Each structure stands twice: as structure tokens, then as C-alpha cells.
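Hi everyone, thanks for making time. Have a look at the screen while I talk, and stop me whenever you like.

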Amino acid sequence: MTFRILVADDEKNIRSGLAKSLEMDGYEVVQAEDGQEALRQMHKTEIDLILADLRMPKLPGDKLLKKVVSAYPAIPVIILTGHGTVDNAVEAMRDGAYDFVTKPVNLERLGLLVKRALSRRELARKHQELEAEISRLGKQKLGAEILGKSTIMHHVFELLKQVAPTKASVLITGESGTGKELVANAIHDQSPRNKAPLVKVHCAALSESLLETELFGHEKGAFTGAVNQRRGRFELADRGTIFLDEIGEINQSTQIKILRVLQEKSFERVGGESTISVDVRIIAATNRNLKEEVVAGRFREDLYYRLNVVNIHIPPLRERPEDIPLLAARFLKEFASENKREILGLEPKAAMALRSYSWPGNVRELRNIIESAVVMSKYSYLGPDDLPNYVTSRGNENDIRIKPGTPMTESEKLIIRANLNMFGGNKSRTSEALGIGRKTLHRKIKEYGLEAELDESSVSP
Ligand SMILES: Nc1ncnc2c1ncn2[C@@H]1O[C@H](COP(=O)(O)OP(=O)(O)OP(=O)(O)O)[C@@H](O)[C@H]1O
Ligand SMILES: [Mg+2]
């Protein structure tokens with residue numbers, strides 16, 4: 001997918017210089033010579049990011065920024081500023097600019113900034129899509145966006161209803177794909193904080209130092225590259241909720257800092273002295289057994305108890321097969337309408353196969369399988385042929401038997417091998433299904449000498 005960037009500057013040379021450099025980086029560029037022209041372009045075409053000069057005729061950059069922030073809040077704006085106007089640029093940051101760069105523009109730094117801003121935009125977009133989906137599902141089902149009719153899920157709903165209006169920290173546990181994020185969304189939406197943002201942080205996706213600056217922000221000059229002050233996610237979540245996804249992955253020093261936010265409701269930005277107070281509710285999620293992490297000394301016990309004031313555990317899909325037909329029907333309807341396919345339902349054989357499969361990837365896997373079945377199917381009812389082989393063939397070589405007394409390492413090897421088989425050697429899917437990181441999976445494949453077997457089967461990422 002190509003991103004389209006709007007460059008608004010009244011100086012032709014600067015405009016075309018920036019355009020050329022961005023085009024070399026593979027972006028599509030639209031130019032505007034003043035603020036009004038920029039707005040016109042925005043209405044006309046879909047823009048992913050804006051570079052705007054502060055001083056422009058007709059509509060200066062700061063005014064343009066305000067209009068963009070209110071009309072297109074998801075589109076990041078980077079302000080270009082001359083020597084004399086750095087103060088104004090800082091003000092623009094306060095008004096919602098993503099960042100600013102001073103002229104003459106350092107193209108390398110601009111390139112990095114653009115890349116980062118766009119990836120943030122992608123996240124925002126994905127988030128929006130999810131929100132739209134939830135509200136669509138919600139409308140069809142009177143606000144119950146998390147589907148489930150099993151007794152276990154009813155317990156989850158009860159708990160959710162009880163805890164949502166409070167400020168209690170919630171720890172959501174469950175295997176990958178069980179709906180932890182969905183539950184986090186629902187808690188926030190049903191809480192009095194729902195007018196303020198729900199800020200999500202994917203703790204495993206960021207390196208240690210990046211995670212700290214993401215969470216707490218940093219002061220200008222806190223480290224090389226910290227050219228501006230930046231507010232962290234805890235500040236952005238003020239009066240709202242912060243969702244710390246994959247909390248089990250954070251290191252000791254970040255654990256201490258988060259503990260302090262929980263205890264004192266305050267923190268300092270990285271490289272900063274002044275203490276910032278926030279009113280934030282914390283929801284955390286993990287697919288690890290945090291208690292075990294505590295016992296193993298990898299996770300602080302005091303933090304564990306603070307996060308785990310209320311625990312919502314979402315059981316794996318295989319433990320609540322009653323939910324499968326309901327979920328399958330919902331996803332089928334959703335994808336049929338999205339792809340404009342006239343698919344009415346499932347053949348009984350296909351429905352049976354879905355019910356007896358073990359769903360290592362849980363609801364996410366079910367959703368994906370239904371989506372591809374809907375797209376590929378030629379008939380108005382999905383049959384077993386529309387489902388992947390490993391779903392329909394039961395009792396195949398992927399079923400493993402581990403007798404009591406088998407050493408842990410041997411059991412682990414069997415499990416990993418079976419999963420690799422099942423996913424055709426695809427390591428991403430395997431690590432996801434097993435709920436372990438890709439690095440860990442790689443290490444274990446080496447450790448157990450499974451590489452040779454992998455080479456024989458199909459090779460995938
Ligand atoms: N009970 C449910 N009803 C409807 N959709 C569900 C349900 N549970 C999960 N889903 C859907 O399954 C997918 C995975 O859910 P989600 O991202 O919340 O899982 P997760 O537990 O956060 O997974 P991971 O640990 O991998 O991050 C999403 O598309 C979500 O909408
Ligand atoms: Mg998740």
C-alpha cells in the first residue's frame with residue numbers, strides 16, 4: 001500500500017525538494033502552495049500525512065493544523081518551521097501536531113519521522129476499523145459485542161458488568177485469540193471513563209527503552225534524538241483507561257515504574273524532573289501465566305497484586321464448544337455482507353467439523369477460517385471442502401499423546417513439532433498458536449533439533 005503525503009509550503013523549491021525526497025522513499029506526494037489549497041486537496045483525495053509550513057499565505061500552518069485536527073483527527077501533521085518560529089512550532093505541538101522539523105530540513109530525520117507517524121496512523125486506522133466493527137456487531141446484537149452463550153462466557157459477562165463502572169485494575173488472562181482486547185474495549189466503553197480515551201500499548205512490540213518513553217514520555221534532550229518533549233501514553237490516557245497488552249513481557253525497571261503509577265498516580269517523563277499526576281485506570285492483559293512468572297522471579301509480586309485486583313479469565317474456545325456455532329454464524333454473516341456474497345450458512349458436516357476442532361488460535365483462528373471460506377466458497381452453504389484440511393481431518397498425525405512421566409522438555413518438543421506440522425512449518429502461526437514469542441520458538445526449534453524436519457516440509461516465514 002502506498003501512502004499519500006500532502007506537502008504544503010509556499011516556497012516552490014522547498015516543496016519540490018521535499019516531494020522528490022519523499023517520492024524516492026516510495027511515497028506518493030501531493031503539493032499545495034498555501035493552506036487553503038491544502039484543505040481542498042484533503043477533501044478531494046485521501047491523504048495519510050501532512051507536512052505543513054507554518055508561514056503560508058491564505059491559511060497559515062497553525063490554522064490549517066487546527067482544521068485538520070478537528071476534521072481528520074487520525075491524520076498526523078508535521079510542521080515545518082524556519083529559525084524564527086520555533087516557539088510557534090512548539091505551540092503547534094500543543095495543538096496536536098505530530099512533530100515539527102526546522103528548516104533547512106534534515107531529510108534523513110524527516111524520513112524517519114514520516115515513517116513513524118505513518119505507522120502510528122496505521123495503528124489508529126486499525127483501531128478505527130475495530131471500533132466500527134464492534135459498533136456494527138453491537139447494533140445487530142443490542143450492545144452485546146462479545147458473543148458467547150456458554151456458561152463460562154456468561155460468567156465473564158457478569159464479571160465485566162460488575163467491574164466496568166469501578167476504577168479497579170483488571171488483569172485479563174487467556175490464550176491468544178480468546179478476545180482479551182475485546183473485553184478491555186468493553187470495560188472501557190461501559191465505564192464512566194468512556195468519554196476519555198482508551199490508550200493501548202502493546203508492550204511486547206517495543207524495546208525496553210522505547211517502551212519507557214512511550215509510556216511516560218520524555219523531555220527535550222533526554223537522549224540523543226529526543227529533539228522535542230513528548231507526552232507519554234499515561235498522560236494521553238488521563239481520565240481514561242490505559243490498556244497494557246502483553247504485560248508479561250515488560251522488564252524489571254518498567255515494572256517498578258508502572259507500580260509507582262499504580263501506587264502514587266504520578267511519574268516523571270524520561271529525563272524530566274517535574275512530577276506529573278494522572279487519573280488513569282489500568283487494564284492489563286497477558287497470555288502467560290503471570291503467577292508462574294512471579295514464582296520464577298521474572299515478574300514483581302507487588303505489581304502482580306496491584307494489576308490483578310480483578311481477574312477476568314477467558315477460557316480457550318475448545319473449552320466452550322457451545323460458542324462455536326454462534327461465533328461462526330456471526331462471522332459468516334459479517335464476511336458474507338462485507339464481500340457481497342450470498343452465503344446463507346454452514347452444511348451440518350462443516351458445522352460439526354468446526355465444533356470438534358481444537359482451535360489453538362481460538363476465536364481469531366475461527367474468524368480467519370470463516371473469512372477465507374466465505375471468500376473461496378462457490379455455493380450458498382459452506383461445506384467441509386471449504387475448510388482447511390487440518391480442521392476437517394480429525395485424529396491425524398498432529399494429535400499427540402503425552403503420557404504422565406514424560407519429561408517436560410520431551411513433551412515440549414512433541415508439542416512444538418505437532419504445531420509446526422499443523423501450520424505447515426509457518427513459524428508465525430505456530431508461535432501465535434503456542435502463545436510464545438517468535439524468538440523463543442526459534443530458540444526451541446534449534447534446541448530440540450527440529451530444523452532438519454522443517455527443511456523437509458514446506459518452508460515459510
Ligand atoms: N467472544 C467473542 N465474540 C466475538 N468476537 C470475538 C470474541 N472473542 C474474540 N473475538 C474476535 O477474535 C479476534 C481476536 O480477539 P482479540 O484480539 O481480542 O484476542 P486477544 O485475546 O487479545 O489475542 P492476543 O493474545 O493474540 O492478542 C478479534 O477479531 C475479536 O473480535
Ligand atoms: Mg490482544
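R300 is partly exposed, because its relative accessibility is 26%; by that term I mean anything between the two cut-offs, buried being under 20% relative accessible area and exposed over 50%, with a 1.4 Å probe and protein chains only. The side chain of R300 meets that of D302 in a salt bridge, 2.8 Å from N to O. D302 is partly exposed too, with a relative accessible area of 32%. For a salt bridge, a side-chain nitrogen of Lys or Arg has to be within 4 Å of a carboxyl oxygen of Asp or Glu.

A word on where this comes from: it is a predicted model, where local features need pLDDT of at least 70 and side-chain atom pairs count only at pLDDT 80 or more, while totals for chains, interfaces and linings use all residues. Residues are numbered from 1 along each chain as its sequence is written, chains are lettered from A and ligands numbered from 1 in the order in which they are written, and side-chain values use heavy atoms, leaving out hydrogens and water.

Back to the charges. How many salt bridges does a search of the whole structure find? The search finds 27. One of them is between D279 and K167, whose closest N and O atoms are 3.2 Å apart. That pair links distant parts of the chain, 112 residues apart: D279 sits in the loop between β12 (275-277) and β13, and K167 in the loop between α6 (151-163) and β6 (170-173). When I say helix or strand, I mean DSSP runs numbered from the N terminus, helices being H or I with at least four residues and strands E with at least two. D279 is partly exposed at 31%, and K167 is partly exposed at 37%.

Another salt bridge joins R288 and E249, at 2.8 Å from N to O. Here the two residues are 39 apart, with R288 in the loop between β13 and α11 (290-295) and E249 in the loop between β10 and α10. These two also belong to a network of salt bridges that links E249, R288, E293 and R298.

Now the sheet. In what order do the five strands of the open sheet come? The order is β7-β10-β13-β6-β14, and the pairing is parallel. The edges are β7 (198-202) and β14 (310-313), each with a single partner strand, so one side of each has no neighbour in the sheet. On average, neighbouring strands are turned by 20° against each other, direction ignored; the axes are lines fitted to C-alpha atoms, for helices over the stretch in contact, and angles run from 0 to 180 degrees between N-to-C directions. Strands count as paired if DSSP finds at least two bridges between them. Between the parallel strands β6 and β13 there are four bridges, and I172 has A285 in β13 as its bridge partner. Helix α6 lies across β6, β13 and β14, and runs at about 150° to β14.

Stay with β13 for a moment, because T286 lies in that strand and is buried, at 1% relative accessible area. T286 and T173 are 113 residues apart in sequence, yet their C-alpha atoms are 5.3 Å apart. Apart from neighbours within four places in sequence, the contacts of T286 (heavy atoms within 4.5 Å) include I172, T173, K180 and I247.

Next, helix α10. It covers residues 252-264, and its 13 residues reach 18 Å from first C-alpha to last, close to the 18 Å expected at 1.5 Å a residue, where the expected span is 1.5 Å times one less than the number of residues. Which residues of α10 are buried? They are T254, Q255, I258, L259, V261 and L262. Seen down the axis, they fall within an arc of 155°, so they line one face of α10; the arc is taken from the directions from the helix axis to the C-beta atoms. Among the elements covering them are α8 (208-216), β10 (241-245) and α12 (301-307). Just after the helix, K265 takes a positive phi of about 60°.

On the α8 side, F216 is found in that helix and counts as buried at 1%. Leaving out residues up to four places away, F216 touches K257, I258 and V261, among others.
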